[in-house]
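Please consult the sequence and the structure shown here.

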Amino acid sequence: MKVILATPNFHQPRGNTVTVKRIADGLNKLGVNTEIVSITDDNKQTVIPKVDIVHGFHAYRFYQFMKQLKSKPETYIVTITGTDLNHYLWDTSTRPDVIASLTGAEAIHVFNDEAKETLLREVPNVKHKTYMIPQGTDDFREDGQTFDKDAGSCLFVLPAGIRKVKNVPSAIHMLRKLHEKSPHIKLWIIGPVLESDEGKIVKDLVAQNSDWVTYLGQLNHADMGAVYRKADVLLNTSHSEGQSSAILEAMAFGIPVLVAGNQGNRSIVAHRETGFIYENENQFLDYAEEIMNNNNLRQSIGQAAAQYIAEFHSSQHEAEALLKIYQQSIE
């Protein structure tokens, strides 16, 4: 079987890119021949190779890509992203294309039950072909780039592409208050600048707090394992999320996660069981301080998180489930 995985912004280190690469690797291990096509980055191609099935990531962007093709794929499935569910499905100018993309698909893939419920509430006629498959997680090698943190420090790590929806400045503003009481706190921010105005805001804040905040910029995903091995707490401050690969990866490493209470984060983090979910600044500061000062809690939360990931977010299961959908769609 040959499959095209069509994703936006493939040449940028975004969540979709991490997901697609992982899925391609998993499918390759099952004997599936995969090719990854970036459907943005000024891609003006009008013909795609003949394959058994095309798997589009991001319903709206994939539909825009199909519009420029001389002939649409005979068989395609779509993975719904957080941006689809949180933005494009609700915008009156883009909603028709999202629905058209889903209607024409042989199957629709979502990452969690909450996403499925939201989708079917808005587009109930696709219920018969909508499947929930949780994201898998990557295995990271031990070699590669190394990172050093200050001895005795408590390191918070925030991986995020710098854009407004990721709400990166809030991490600096909130942690600065805790840093005043606990100067051993450090914060690493990792990710490319995807919106220049937001990038300037973040870089200015980093410069103002350079004694404890470091912006590491864009890293190869393969090097993130080395970052996780140094992290004490992983943060996610996003206003909205689909299902964050970074959160899943950190949990697999047994790192306590402190995340904003959006739908995507709630689908993978159980509050005080596998991580901490905050709704406001006071909660963020309380939970951050609790994680820092309670070693037993930090260890138990980390162990529970790692066990949860091993049981429910296997990359092998993810690939096997997708292959089954491909086979059903082709038949």
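The model is predicted: local features need pLDDT of at least 70 and side-chain atom pairs pLDDT 80 or more, while totals for chains, interfaces and linings use all residues. Residues are numbered from 1 along each chain as its sequence is written, and side-chain values use heavy atoms, leaving out hydrogens and water.

Six strands form an open sheet in the order E2-E1-E3-E4-E5-E6, with parallel pairing. Strands are DSSP runs (E, at least two residues), as are helices (H or I, at least four), numbered from the N terminus; pairing requires at least two DSSP bridges. E2 and E6 are the edge strands, each with a single partner strand, so one side of each lacks a neighbour in the sheet.

| Pair | Bridges | Facing residues |
|---|---|---|
| E5 (residues 107-110) and E6 | three | His 109 and Tyr 131 |
| E8 (residues 185-190) and E9 (residues 213-217) | four | Ile 190 and Gly 217 |

Between E8 and E9 the chain passes through helix H7 (residues 196-208) in a right-handed β-α-β crossover, meaning that the path runs clockwise from the first strand over the helix to the second when the strands point away from the viewer.

The axes of H1 (residues 15-29) and H13 (residues 315-330) come within 9 Å and cross at roughly 75°. Axes are lines fitted to C-alpha atoms, for helices over the stretch in contact, and angles run from 0 to 180 degrees between N-to-C directions. H1 and H13 are therefore roughly perpendicular (65 to 115 degrees). Contacting residues (heavy atoms within 4.5 Å) include Arg 22 of H1 and Tyr 326 of H13.

Terms used. Parallel < 35°, antiparallel > 145°, perpendicular 65-115°, else oblique.
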